[in-house]
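Open the model in your viewer and keep the selection tool at hand. The stops below go from one selection to the next.

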Amino acid sequence: MVKAQPRQGQPHKPLADEPSTMDAVRLRRVNRWLAQGLSGELADLYVDSRETPAPEAYRSRSRSRQDFLNRLTGDIRRPGFAMVIAETDHLVGCAFGFPVGSDGFWWLGFDGALPQSIEQLTASGGVFAITSILVQPHPQDQDVARRLQERLLSDHQASLGATLVDPDDHRTLASLRSWGWLNVGEMWRSAGPTMFRALVLPLGERTTAGLEGPAHDAWTRWPG
């Protein structure tokens, strides 16, 4: 499940003469071994990007941190795993994922028939799944998140990005929509069981044209 939004609240706003910590953000691709070495910092970033009610903070923080580490470990083991991190003098963001296998297993649990154009792109190995986008809360966090997404997909020359989002996470859904992601339906995951909203991002005119058609308007209907 992608997490593209930081926790809610009032982020620190730099004064007029105070340099922004995000001004000098650098993006860097890391391999699976480096990602494994950064797992502790990445887990801290994950917890910091979530909003947790004060009474549940300690217990929820510990559980969330371990859940994230378990998911990260599973993703790192997947063929083609890739990660891009954003850093200044410290880690401020990351995005990671893996190519969707041509067997289409990643789409297992899709509610209804998967659009033929997506099936074809999957079979050709042109789909890359983003499983997490995390950014330290900051006024410029959305720009950093978008840059991380773009770098991760462009590095893999993907034709189509894919991700799953909690349908109740309206802030993340709104952000992804503003970046060009399309809602294509719902997917169920057995571990839960949990329902997610499936989104795709067409990359390049050819892919965009291939996705357009009679079903296109239905895909882009977003619930209020």
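Are Tyr46 and Phe68 buried or exposed? Select the two residues: both Tyr46 and Phe68 are buried. Bear in mind throughout that this is a predicted model.

Stay with these two side chains. Tyr46 and Phe68 form a stacked aromatic pair, with 4.7 Å from centre to centre and 15° between the planes. The pair links distant parts of the chain: Tyr46 belongs to helix H2 (residues 39-48) and Phe68 to helix H3 (residues 57-76), and the two are 22 residues apart. The structure holds 5 aromatic pairs.

Next, select Trp106 and Trp107. Their ring centres are 4.8 Å apart and their planes stand at 90°, so this pair is edge-to-face. Trp106 is buried, and Trp107 is too.

Move on to Asp103, in the loop between strand S3 (91-99) and helix H4 (116-123). Why does Asp103 count as exposed? Its relative accessibility is 65%, and exposed means over 50%. Show the side chain of Asp103 and look for the backbone of Phe105: a polar atom of that side chain lies 3.1 Å from the backbone nitrogen of Phe105. Then pick Glu119, which is 16 residues from Asp103 along the chain; the C-alpha atoms of the two are separated by 9.5 Å.

Switch to a cartoon view for the sheet. Which strand order does the open sheet have? Its 7 strands run in the order S1-S2-S3-S4-S5-S7-S6, with mixed pairing. At the edges are strand S1 (26-30) and strand S6 (182-189), each of which pairs on one side only. From one strand to the next, the twist averages 30°.

Zoom in on S1 and strand S2 (residues 82-87). These two strands pair in the antiparallel sense over 5 bridges. Within this stretch, select Arg29 and look across to S2, where Val84 stands opposite.

For the last stop, select helix H6 (residues 170-178). Helix H6 packs on the sheet, where it touches strand S5 (160-165) and strand S7 (194-202). The direction of helix H6 makes about 165° with that of S5.

Methods
Residues numbered from 1 in each chain as written. Predicted model: local features only at pLDDT ≥ 70, side-chain atom pairs only at ≥ 80, totals over all residues. Heavy atoms only, no water. Helix = DSSP H or I, 4+ residues; strand = E, 2+ residues; numbered from the N terminus. Buried < 20%, exposed > 50% of the residue type's maximum accessible area, 1.4 Å probe, protein only. Polar contact = N/O pair within 3.5 Å; in protein donor to acceptor, adjacent residues only side chain to side chain. Phe/Tyr/Trp six-rings, centres within 6.5 Å; stacked < 30°, edge-to-face > 60°. Pairing = 2+ DSSP bridges. Axes fitted to C-alpha atoms, helices over the stretch in contact; angles between N-to-C directions. Contact = heavy atoms within 4.5 Å.
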